[in-house]
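I opened a new structure today and took notes as I went. Here is what I looked up.

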Amino acid sequence: MNDDSQCQTAASEPERLRDAVARFDAENAKDPTQEIVDGVLCPRELIYAKRLSGWVLTLCPDASEELRLAARCQHLCRWTIPRQSYPMTRAGYLRWRNDLKAFHARKAGGILRDVRYPEEIIARVQDLNLKKNFPGDPDSRVLEDALCLVFLQYQFADLARKTADEKMIDVLRKSWKKMTPQARAYALKFSYGEKEQSLIQRALGK
């Protein structure tokens, strides 16, 4: 199910990985925004991190320790820097996104130091947080695939309801362009509503 050329060999899960994930989850559990998952209210960023981790391991069961860490902290405490705190312009949006990536990387680095990760691993995780070397870095491709799949599976329908069709089609085309054939195959198997199916067909020229 996974492309071994995209994966780096990982040892059995070390205690420090479990400690780091627990710390990341504890931070994301503070998210005041809640989502209902299987009838239970859950902090949004905590459930997002778990979904992202799940897709990374589906795409690459032998994911490296650094990739697993990066997936779990990719949106760490994201709610603390709201979109509304930046100008509601394209430039404002891009600055917000760049500032968020830097914030996630810094905060993740502090937690990883607390659980005694070496600096070379911290730097590697932060490079993945910052999406450096994409698409040349195989781990960055897996992470980007997972991000796109979480969007399509869990966020697409809600965004489509409040976004103009042409803008949504542009978003889909950009996401599709970044995804590998493996991720695209998974995306096409999702159960979409009628509107979402129509948008995908238009985006892909079908």
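Predicted model: local features only at pLDDT ≥ 70, side-chain atom pairs only at ≥ 80, totals over all residues.

Entry on helix α2. I went to residues 44-59, which form this helix of 16 residues. I took its reach from first C-alpha to last and got 23 Å, close to the 22 Å expected at 1.5 Å a residue.

Next I asked which residues of α2 are buried. I listed E45, L46, I47, Y48, A49, R51, L52, S53, W55, V56 and L59. I counted a residue as buried under 20% relative accessible area.

Then I asked what covers these buried residues of α2. I found that the cover includes the helices α1 (15-28), α3 (65-73), α6 (138-161) and α8 (181-187). Strands β1 (34-37) and β2 (40-43) are also part of the cover.

Entry on the whole protein. I counted nine helices and two strands. I read their order along the sequence as α-β-β-α-α-α-α-α-α-α-α. The radius of gyration is 17 Å, close to the 17 Å the globule rule gives for 206 residues, so the protein is as compact as a globular protein of that length. I boxed the C-alpha atoms along the principal axes and got roughly 50 × 40 × 40 Å.

Entry on charges. I looked up 35 positive and 29 negative charges. Their mean positions are 6 Å apart.

Key:
Residues numbered from 1 in each chain as written. Heavy atoms only, no water. Helix = DSSP H or I, 4+ residues; strand = E, 2+ residues; numbered from the N terminus. Rg over C-alpha atoms; globule rule 2.2 N^0.38 Å. Lys, Arg positive; Asp, Glu negative; His and termini not counted. Charge placed at Lys NZ, Arg CZ, Asp CG, Glu CD. Expected span 1.5 Å × (residues − 1). Buried < 20%, exposed > 50% of the residue type's maximum accessible area, 1.4 Å probe, protein only. Contact = heavy atoms within 4.5 Å.
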